[in-house]
Amino acid sequence: MIRARGLERRFRRKGRNGGEVHAVKGVDLDVEAGELVGFLGPNGAGKTTTLRMLTTLLKPTAGTATVGGHDLLADPRGVREHIGYVAQGGGSAPESKVADELELQGRLYRMSKADAIARGTELCEQLDLTGLGRRLTKTLSGGQRRRLDIAMGLIHSPGLVFLDEPSTGLDPQSRANLWEHIRRLRAEQGVTVFLTTHYLDEADALSDRLIVIDDGRIVAEGTPDALKARVSGDGVEVGVDPASVAEAAETAGRLPGAHELSVTGGVLRFRVPRGDVALPELLRALDGRGIAMTSMQVHRPTLDDVFLTLTGRSLREAEQGTHTAKETADVA
Ligand SMILES: Nc1ncnc2c1ncn2[C@@H]1O[C@H](COP(=O)(O)OP(=O)(O)O)[C@@H](O)[C@H]1O
Ligand SMILES: [Mg+2]
């Protein structure tokens with residue numbers, strides 16, 4: 001469905017300082033029909049820029065791609081007809097009625113009035129918007145408005161839809177509801193979905209496969225589970241009598257694959273490839289030395305652990321303030 005090679009985009013900076021932002025630095029992507037792929041990265045990583053290139057809204061500085069079977073550069077119109085695009089901020093006009101927005105959108109794709117209305121009604125049913133046709137879009141809830149954006153992106157029945165940050169700004173309940181709708185798009189309509197997100201929970205909950213982007217480059221890809229298994233391993237926390245903690249730490253350090261070992265008071269923390277395998281082993285080893293465990297905890301690695309291992313930064317932290325720093329670095 002998508003095959004991109006070496007996609008790149010530079011922006012000339014406006015204003016006094018001039019200079020250049022290298023927003024996307026050579027991205028390869030492969031997305032198969034029927035996949036639900038999450039494009040995960042912090043703000044400023046280059047997600048929107050990549051998406052705008054793939055949807056023909058922005059010309060790549062370098063690189064090639066076919067999208068929905070059409071060449072991005074040679075046949076942009078073919079690409080546009082076969083994809084849907086839901087922009088980061090959405091696209092409905094506040095003073096328009098829901099049904100009118102859907103009809104207008106269909107007409108933009110050269111659908112007949114009757115077809116556009118019929119398809120709009122069908123999408124309203126699928127996306128839980130039935131009965132809202134006469135409402136002004138500005139009176140919709142955040143979740144309803146986001147579902148309307150998606151309906152507008154699907155009006156011409158594309159086989160591939162791009163969603164840019166679909167759940168940003170929604171409350172937890174509306175987000176969960178939107179995720180369910182996105183899953184159903186794929187499960188019931190067979191639509192291929194490529195979505196960007198900077199939310200770890202969204203990437204984790206929704207994607208079959210994740211492509212992680214940082215600073216314009218792809219740093220990893222795989223299923224959420226494979227990514228977690230590959231890079232960090234499980235976190236283990238074991239409490240022992242503080243008097244024997246040094247001996248316990250030495251014992252833990254000998255477990256196969258144990259790493260990132262640290263000791264705080266009577267608690268030792270480390271990572272191992274499989275916590276459920278390591279714990280009984282450690283328990284036996286400590287037992288043999290007459291050391292009793294007072295507490296134990298295993299947590300599966302999170303996607304934030306993955307991002308941290310890959311980039312040396314936590315994605316949560318990368319969200320706070322590094323955007324500007326990165327841009328300055330780009331220009332320098
Ligand atoms: N039109 C533009 N002109 C100049 N810089 C831009 C433009 N669009 C995006 N950028 C810069 O490119 C980088 C990537 O932006 P973007 O693709 O929007 O990231 P993301 O969607 O991952 O948050 C950022 O540093 C951003 O400021
Ligand atoms: Mg963006």
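Among contacts in the predicted protein model between residues at least 6 apart in sequence, 67% join residues at least 24 apart; two residues are in contact if their C-beta atoms, placed from the backbone, lie within 7 Å. Buried residues, those with 20 or more other C-beta atoms within 10 Å of their own, make up 38% of the 332 residues. The protein has 13 helices and 14 strands, which are DSSP runs (helices H or I, at least four residues; strands E, at least two) numbered from the N terminus. Residues are numbered from 1 along each chain as its sequence is written. As the model is predicted, local features need pLDDT of at least 70, and side-chain atom pairs count only at pLDDT 80 or more, whereas totals for chains, interfaces and linings use all residues.

Helix H6 comprises 18 residues (172-189) and reaches 25 Å from its first C-alpha to its last, close to the 26 Å expected at 1.5 Å a residue, the expected span being 1.5 Å times one less than the number of residues. Arg175, Leu178, Ile182 and Leu185 of H6 are buried. The buried residues of H6 pack against helix H5 (142-153), strand E8 (192-197) and helix H7 (200-206). Glycine 190, with a positive phi near 70°, follows H6.

H5 and H6 pack at an angle of about 20°, their axes lying 9 Å apart; axes are lines fitted to C-alpha atoms over the stretch in contact, and angles run from 0 to 180 degrees between N-to-C directions. The two helices, H5 and H6, are therefore roughly parallel to each other, a term for angles under 35 degrees. In this contact, Gly142, Gly143, Arg146 and Arg147 of H5 meet Ser174, Asn177, Leu178 and His181 of H6.

Conventions. Chains are lettered from A and ligands numbered from 1 in the order in which they are written. A residue is buried if 20 or more other C-beta atoms lie within 10 Å of its own, exposed if 12 or fewer, and partly exposed in between; C-beta atoms are placed from the backbone. Angles under 35 degrees count as roughly parallel, over 145 as roughly antiparallel, 65 to 115 as roughly perpendicular and the rest as oblique.
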